[in-house]
Amino acid sequence: MTTPVCKGASTAAVFPTFSSYVRARGPVLLRAARSLSANPNDAEDLLQTALTKTFVAWERIEDHRALDGYVRRALINTRTSQWRKRKVEEFACDELPEPDPTPVPDPAELQGLRDAMWRAVMRLPARQRAMVVLRYYEDLSEAQTAEIMEVSVGTVKSAVSRALAKLREDPELAMIG
């Protein structure tokens, strides 16, 4: 005769009533429920729901030695159903909460602005124009501009400052901006 591998399996008890089963196996089933839920209170609720389902099916369960498996399956199915039905935090509303998209400037207006700026830059004296072009159109540093123009960094700063002041006062740019 073969010996069962699991000693507890051969001596499984048959429970005459549902309440005797819950009294005897409650702590073990609660541990199983806690393994499915991080919150102990949720685990107790999960076990209570699974036991309710088991109680409803108590008369239909033929093999009372397999009750733990039945309850564990009820725990897993209940937890899966809860997960699938989890609360959705979004609600339908009349207006969309997203802000209106920023209007895209007209490409023709942008080109007109670029042309007006370039005409204003062309009205600057040659040396100031060269420094503005190197600093802002070519994106060079003050030191790099000074090296190319063979002047000091201070000269670049003052010449660019005067050029920007003239551009701010340009009548054509004043009408646009």
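Helix H2 (18-36) and helix H4 (67-84) are among the elements that cover the buried residues of helix H3, where covering is by contact, meaning heavy atoms within 4.5 Å. Bear in mind that this is a predicted model, in which local features need pLDDT of at least 70, side-chain atom pairs count only at pLDDT 80 or more, and totals for chains, interfaces and linings use all residues. Residues are numbered from 1 along each chain as its sequence is written, and side-chain values use heavy atoms, with hydrogens and water left out.

So which residues of H3 are buried? They are Ala43, Leu46, Leu47, Ala50, Leu51 and Thr54, with buried meaning under 20% relative accessible area and exposed over 50% (1.4 Å probe, protein chains only). Seen down the axis of H3, these buried residues fall within an arc of 135 degrees, so they line one face of the helix. An α-helix has 3.6 residues a turn, so residues three or four places apart point the same way. On the other side of H3, Asn41, Gln48, Phe55 and Val56 are exposed.

Now look at the start of H3: a side-chain oxygen of Asn39 comes within 2.9 Å of the backbone nitrogen of Asn41.

Next, the packing. The largest nonpolar core has 17 residues, and Tyr21, Leu29, Ala33, Leu47, Leu51, Val71 and Leu75 touch the most other members. A core here is a set of buried Ala, Val, Leu, Ile, Met, Phe, Trp, Tyr and Cys residues joined through side-chain atoms within 4.5 Å. H2, H3 and H4 are the elements giving two or more residues to this core, and H2 supplies the largest share, 6 residues. A second, separate core of 9 residues includes Ala116, Val133, Ala163 and Leu173.

Terms used
Helices (H or I, at least four residues) and strands (E, at least two) are DSSP runs, numbered from the N terminus. The arc is that of the directions from the helix axis to the C-beta atoms. A polar contact is a pair of N or O atoms within 3.5 Å; within protein, one must be able to donate a hydrogen and the other to accept it, and residues adjacent in sequence count only if both atoms are side-chain atoms.
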